[in-house]
Amino acid sequence: MTHSHPLSSAWPKVTTPLQPLAHPLFAQHGIAVWIKRDDLNHPSVQGNKWHKLKHNLQAASAAGHTALLTFGGAYSNHIAATAAAGEAFGLDTIGYIRGDELAGKPERWSHTLRTAQQNGMQLQFLSRADYRRKNDFHFLNQLTDKHPNAYILPEGGTNALAVNGFAELSETIERQCPDWTHLYTAVGTGGTLAGLVKFAPRSRTRQLFGIATLNQADSLIGDIERLCGLPHQSGGTVQWRLLTHYAGAGYGRTSAEIQATQHWFESQFQLLLDPIYTAKLVFGFLQELQAQKIPRGAKVVLYHSGGLQGRQTDAQTVI
């Protein structure tokens, strides 16, 4: 008889709304649009992080780990969610943060970092040079020696277990809108896009688009291909593409045009976006629409990946 480990039953199943977005602009272009409201799935382990962390936390618990160790920038939704998940499920958390200029200067910390510390996360600050070693075998071995009880999560929480966490979400979207044709999601490390591509139903043609939120995001394509098992811009019933020209000035930076789009969208539909990810998602989608790149008759799903604690940050600057 198989026994479930503690987090199997503790991780509740949550179904969030697929909210229709009616607007003359969409009618004019002949498309139907919905937004998948995963900002509503959990108050603090929000959006895509809910899916990314689920199987990883279960694996950590099953292996007897008592702590989670991970990496991120000062505005990282993943840092915030990992701290909240650890606090909720009784695991210690350690965050290695990019930017040693923040060490010992809590007055300069983002709301995200302050909240993570309040949720019990032990913050360690790395220089940008050291932070680039976050996937280096020897560096990770050193961290394992230093934190022997810790389960190590990569930056953004993106690994094979995280990707598999999107199976349930994909099934839910399919149930809520069986004939969707296009899906747009924001991309940071690529795990969410990879998961949605991997589990997209093959019953009809589906096109999935990732809106990159950082510059030089082409470097992510190989990782996404490996995680989802489908080549970039390949044929077949499921096709995906990473769109790299809607990131503004780069990760954690915005532009007047992106901000104006965010304000317009929020006022039109009375729902909030986060400045780091979903504001750029909506901006990219609307730019594609205006450029006539979305065909008439398309049934479009926008994935709201949460991250609303990001609205509490100060000026959006370099992370």
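Select α3, β3 (67-72), α4 (77-89) and α6 (128-131).

Now look at the space between them. The largest pocket has a volume of about 1200 Å³. Its lining counts 48 residues. Which residues are the closest to its centre? Select K134, E155, G188, T189 and L214 to see them. Next, colour the lining by class.

**Next stop: the cavities**

How many cavities of 30 Å³ or more does a search of the whole structure find? There are three. Go to the largest cavity, with a volume of about 70 Å³. To show its lining, select V14, T15, T16, K36, D38, N41, W50, H51, E168, L169 and T172. Two elements give two or more residues to this lining: α3 (48-62) and α9 (167-176). Which element gives the largest share here? Highlight α9, which brings three residues. By class, the lining of the largest cavity has three nonpolar, five polar and three charged residues.

Move on to the second largest cavity. About 60 Å³ of space lies inside. Select S170, I173, W180, L183, L196, A200, P201 and L208 to show the lining. How many of these lining residues are charged? The lining has no charged residues. Seven of its residues are nonpolar and one is polar.

**Last stop: confidence**

Colour the chain by pLDDT. The protein chain averages 91, and 94% of the residues score at least 70. Then select residues 1-6. Here the pLDDT is below 50. Beyond near neighbours in sequence, this stretch has three contacts in the model.

Jump to residues 314-319. Their pLDDT also stays under 50. How many contacts beyond four places in sequence does the model have for residues 314-319? The model has 20. Still, where pLDDT is low, the predicted coordinates should not be read in detail.

Technical notes:
Residues are numbered from 1 along each chain as its sequence is written. This is a predicted model: local features need pLDDT of at least 70, side-chain atom pairs count only at pLDDT 80 or more; totals for chains, interfaces and linings use all residues. Side-chain values use heavy atoms; hydrogens and water are left out. pLDDT is the predictor's confidence in each residue, from 0 to 100. Contact means heavy atoms within 4.5 Å. On a 1 Å grid over the protein atoms alone, a cavity is a set of points where a 1.4 Å probe fits but cannot get out, and a pocket is an open set with protein on both sides within 12 Å along at least five of seven lines; lining residues have an atom within 4 Å of a point. Grid points are joined across faces, edges and corners, and a volume is the space filled by probe spheres set on the points. Helices (H or I, at least four residues) and strands (E, at least two) are DSSP runs, numbered from the N terminus. Ala, Val, Leu, Ile, Met, Phe, Trp, Tyr, Cys and Pro count as nonpolar, Asp, Glu, Lys and Arg as charged, and the others, Gly among them, as polar.
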